[in-house]
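Thanks for coming, everyone. Please have the sequence and the model open while I talk.

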Amino acid sequence: MQVVVLAGGKGTRLAPLTDTLPKVLVPVAGKPFAEHQIDMLKQGGATSLVFAIGHFGDQIRVHLGDGSRFGIPIAYVDDGATPRGTAGCFRQAADDGVLEDRFLLIYGDSYLPVDLRPIWHSFLEANQPALMTVFHNDGRWDQSNVAMSAGRKAIALYDKQGRYPDITLDHIDYGISGLTKDLVLARIPPAPAEMDLADLMHQLSLDGDLAAHVTRTRFWEIGSHAGLAELSDAMINGTLPRLGGAP
């Protein structure tokens, strides 16, 4: 089970912490966030990782290395001087020969204490080119952006832009999705083209090609100072849910 970690952003909302550090190396509860995330992904069933890097990417390479000290292989794809967008890294990984036929993806600022194996099995069973894990958010932690199909096995609409105000959105993109390499090669253009992952997922939902996996475990993030403080406090105080969401 390969997981691609999107870790190329500048993390401007975490300034000044990210003035000299990539967001994934910002300390959380005594160690860089990426180390917490790697432990989480390993416990969840991941067998290899690809870090998609860009801003301060060399620091990430040096700190994480090939993954041997964490007990999981780590490869890298680098945007370089020209950002490729949040979807472009997958095409780069495919062109570089480091992408598996199916893979999961996670954002580099997300902490999601769930078992990845049920998500992976849902992806395999759906026989669709893409899957999105969603959470019944109903506007609680962030703006909801997903409408479910009647059978709750697929995404009827994924919309981050508010394009369809008459459609009720009560779920949210949880931050773990699955893609096939065939989809990447067919729908994401090669360098130097840029493409946003949200735009791709939106179109897949309209095409009926986006399967769904529903989780009941809330998400945590370090994309903001408030999120960073909340996660750090939960880790230090021992109130963070265990893998799978159990208290």
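A word on terms before we start: buried means under 20% relative accessible area, exposed means over 50%, and partly exposed is in between, with a 1.4 Å probe and protein chains only. This is a predicted model, so local features need pLDDT of at least 70, side-chain atom pairs count only at pLDDT 80 or more, and totals for chains, interfaces and linings use all residues. Residues are numbered from 1 along each chain as its sequence is written, and side-chain values use heavy atoms, with hydrogens and water left out.

Let's begin with the sheet. Helices (H or I, at least four residues) and strands (E, at least two) are DSSP runs, numbered from the N terminus. Two strands pair if DSSP finds at least two bridges between them. On that basis, seven strands make an open sheet, ordered 5-4-1-6-11-8-12, with mixed pairing. Strand 5 (74-78) and strand 12 (210-215) are at the edges; each has a single partner strand, so one side of each has no neighbour in the sheet. From one strand to the next, the twist averages 25°. For that angle, axes are lines fitted to C-alpha atoms, for helices over the stretch in contact, and angles run from 0 to 180 degrees between N-to-C directions.

Now strand 1, residues 2-7. How many of its residues are buried? Six of six, so to speak a strand that is mostly covered. Q2, V4 and L6 point one way, V3, V5 and A7 the other way, and all are buried. Look at its partners. Strand 4 (residues 48-53) runs parallel to strand 1, joined by six bridges. In that pairing, L6 stands opposite A52. Strand 6 (residues 102-107) also pairs with strand 1 in the parallel sense, over four bridges. There, V3 has L104 as its bridge partner.

For the antiparallel part, go to strand 8, residues 130-135. Strand 8 pairs with strand 11 in the antiparallel sense over five bridges. M132 of that pairing stands opposite S177 in strand 11.

Next, the helices. Helix 1 covers residues 33-44, twelve residues in total. The expected span of a helix is 1.5 Å times one less than its number of residues. Why call helix 1 largely enclosed by the rest of the structure? Because nine of its twelve residues are buried. These are F33, A34, E35, H36, Q37, I38, M40, L41 and G44. Just after the helix, G45 takes a positive phi of about 115°.

Helix 3, residues 85-95, has its own buried set: A87, G88, C89, F90, R91, A93 and A94. Just after helix 3, G97 takes a positive phi of about 80°.

On to charges. Side chains of opposite charge can pair when their charged atoms come close. The cut-off here: a salt bridge is a side-chain nitrogen of Lys or Arg within 4 Å of a carboxyl oxygen of Asp or Glu. By this rule the count is ten.

Take R69 and E35. Their side chains meet in a salt bridge at 3.8 Å, N to O. The pair links distant parts of the chain, 34 residues apart: R69 is in the loop between helix 2 (57-64) and strand 5, and E35 is in helix 1. R69 counts as exposed, at 52% relative accessibility. E35 counts as buried, at 13%.

Which residues are linked in a network of salt bridges? D159, R163 and D199. D159 and R163 meet at 3.1 Å, N to O. R163 and D199 also form a salt bridge, with the closest N and O atoms 3.7 Å apart. D199 lies in helix 6 (residues 197-207) and R163 in the loop between strand 10 and strand 11, so this pair ties together parts 36 residues apart in sequence. As for accessibility, D159 is buried at 3%. R163 is partly exposed at 37%, and D199 is partly exposed at 39%.

Last stop, Y164. This residue is in the loop between strand 10 (155-158) and strand 11 (172-180). At 31% relative accessibility, Y164 counts as partly exposed. With I167 and L206, Y164 makes a nonpolar surface patch of about 240 Å². Patches are made of residues with over 30% relative accessible area and no salt bridge; like charges are joined within 9 Å, nonpolar side chains (Val, Leu, Ile, Met, Phe, Trp, Tyr) within 5 Å. Accessible areas come from the Shrake-Rupley method with a 1.4 Å probe, and for residues only the protein chains shown count as cover.
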